Amino acid sequence: MSSSLEKHDEKSDPSMQPSDGNSTNLTSEIVSDKTMETTQVEHVNIDGVVNPKMLHAHLAMLSKFNSLEQQDNEIDQRYLLRSEKRYLLWLELLNNNSFKDVEEVPIPPIDVCLIWHAHLLSPFRYYEDMRRLHDPSSKEYNFPLAKLHEIWSQNNGDHIDEQSKQFWEENTKQPWVLDLNDDSNFELICPWCSTASVIPANNYTKLVWEPKNSVSCTKCNCKLSLETLSAKRFLNDIEKYNDGKKVYIAGTLVSMIDGEYSEEKAISDSDHLFNLNTWKKLIDKAKTSSEDCTWEKIAKCIKDRVKELKTQLLFKNVRKGVIRNVINSYSGIISPFSIELVSAVIRQREFTHKMVDNSWVNNLTVQAQATIRYHKFLLLQKDVGKLLVPTLDIDLCWHTHMLYATLYRNFTKNHMNRIMNHDDTLSKSILSDGFAKTSSAWYKKFKEPYTCEHPSKYWLTKKKKVAAVLLPPYAIYLMYKMNKYKKGTAKQENTQTVSKEEKSANKEKGTDNYSGTCAISPGFGMFYVHCPTLHSIVVEVFAEIIQVDVVVVEDAVVADAVVVDAVVEDAAVEDAVEDAAVDVEEDVEVKETLLIMVQEIYYKEYVHVSKKILKDKFTTVFYIYLF
């Protein structure tokens, strides 16, 4: 979008002010709010924060975020790591200060806004982190999107507010503008001896981004690496929890299935899984030696504890998915958060690149229509309750809504009967398939096109085409699916009010209106992303089932993360995968369940695969790679 910002008075404009959450009820009727004078197109003002002017403000912010991205990878990583540390300072400031009203709340530096924005786009993790790391009774402040846009409009796009600048610099002793060329040392507190080690910036970025890299503490000589630091953080929290339950274990407070917050269930799960009797031996060893702080040893402890609970018939009292959720909240994360925020910022860049300088979405008419489409998207999700993938315009509305965490949580809980989670870690194969299904479901419900993107562009991959040639029944299946999915597709000229030149420019950028970066979470995470140990266990299960070498299966998985993606995509096999991760060798029923799911996922509806075929090494690996 252009660097110039549309000037208007947000204070006098109700569409720029958050509401109490009752502005628009989620009904089957589209509510028309004609506060928009710059366009005659009707729109919906959802929750008081999803409206055309707020979308415009969000686009302006994305343009600023885009300008912060550096081409030099080392400088970029260093900048983001410093920004994450400054975000921690900002949260402490908000938690330790009280403000009479919203207008008194200062704005943070732009780099802090970048990290805060990424954190908010993981609503389950954000809510748990705020409740777990800070006083849950303290007031939760909204992301100041409207105020930011007002300041930028008044200052020709500059991110400057003297009052906020003074507040920040006096309380943090940090500069308002983070220097991109700052190559000063990082400080890392050793969790074994509490000594502050000074680490050169280049070494620190390698430590965080390259798991095999490490440094040694200057005092106790313990190995400081991504694995040892994250494992030690996990073990420390277990010890603190058992010492009077002063700390909640990350990943236990908020259910990844429906977003339910429950301290009672968190305590119940933690008492079952992290009882000190099971963990004391490893915790004691880890107090003096970094060599015992490994995720392999933690995984063994979890496996032993689960076996013990099953023997006592108590494992049924542990919530589904909580083990995986806990591990995801610690593995590979050395900050106190339950999500690796720098990686989250980088994942969001794909969406940002699609939105910045996109003349189609930077159009007030399109933005007004987007609010109506987002409203329909919510209605569709309420009906189908499955993984849905948004278009770019709907995704912009969704992201804008999530920036107001409290409003978003209350709105989706009240109107959707569950809090909708946002997942930007899904693989491209799951997203493309989900987008096609969303398009089909949209057309079925609303009898109108969902997108101008033909499924042949995003759903019919090269692998599918090759498989169709080699397997004629599969070709028939693809034709059937293609015909079904394209019903939700409209011709581009009927859905976009832009010139041919603009359409061509968008096409070259690959934007059009397919987001392909996130989806409504199916209710569980991809544990193999953050936990290589458990990922390798799942690979072993598949290798044993189909009787091939682990290396062969691992190669196929690395090629497209196909095997694990396909399994965890289906909620029906969630338990089977989790059990397999903790009980690989003895549970015959788990292996049979996974075997059935391999058949259903890769060959359902178009070919029957017998166990004899599965045992054929070449055929099995070939089809795993294709699909």
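A: Strand β1 (residues 186–189) and strand β2 (residues 196–199) pair in the antiparallel sense over four bridges; pairing requires at least two DSSP bridges between two strands. Strands (E, at least two residues) and helices (H or I, at least four) are DSSP runs, numbered from the N terminus. The model is predicted, with pLDDT of at least 70 needed for local features and 80 or more for side-chain atom pairs, while totals for chains, interfaces and linings use all residues. Residues are numbered from 1 along each chain as its sequence is written, and side-chain values use heavy atoms, without hydrogens and water.

Six residues lie between the two strands, which form a hairpin, and S194 in the turn has a positive phi of about 65 degrees. The faces of β1 can also be told apart: F186 and L188 make up the covered face, whereas E187 and I189 make up the uncovered one.

Elsewhere in the chain, helix α15 (residues 392–402) meets helix α16 (residues 405–416). From α15, W398, H401 and M402 take part; from α16, A405, L407, Y408 and F411 do (contact: heavy atoms within 4.5 Å). The residues of this contact divide into six nonpolar, one polar and no charged.

Terms used:
Axes fitted to C-alpha atoms, helices over the stretch in contact; angles between N-to-C directions. Nonpolar A, V, L, I, M, F, W, Y, C, P; charged D, E, K, R; others polar. Buried < 20%, exposed > 50% of the residue type's maximum accessible area, 1.4 Å probe, protein only.
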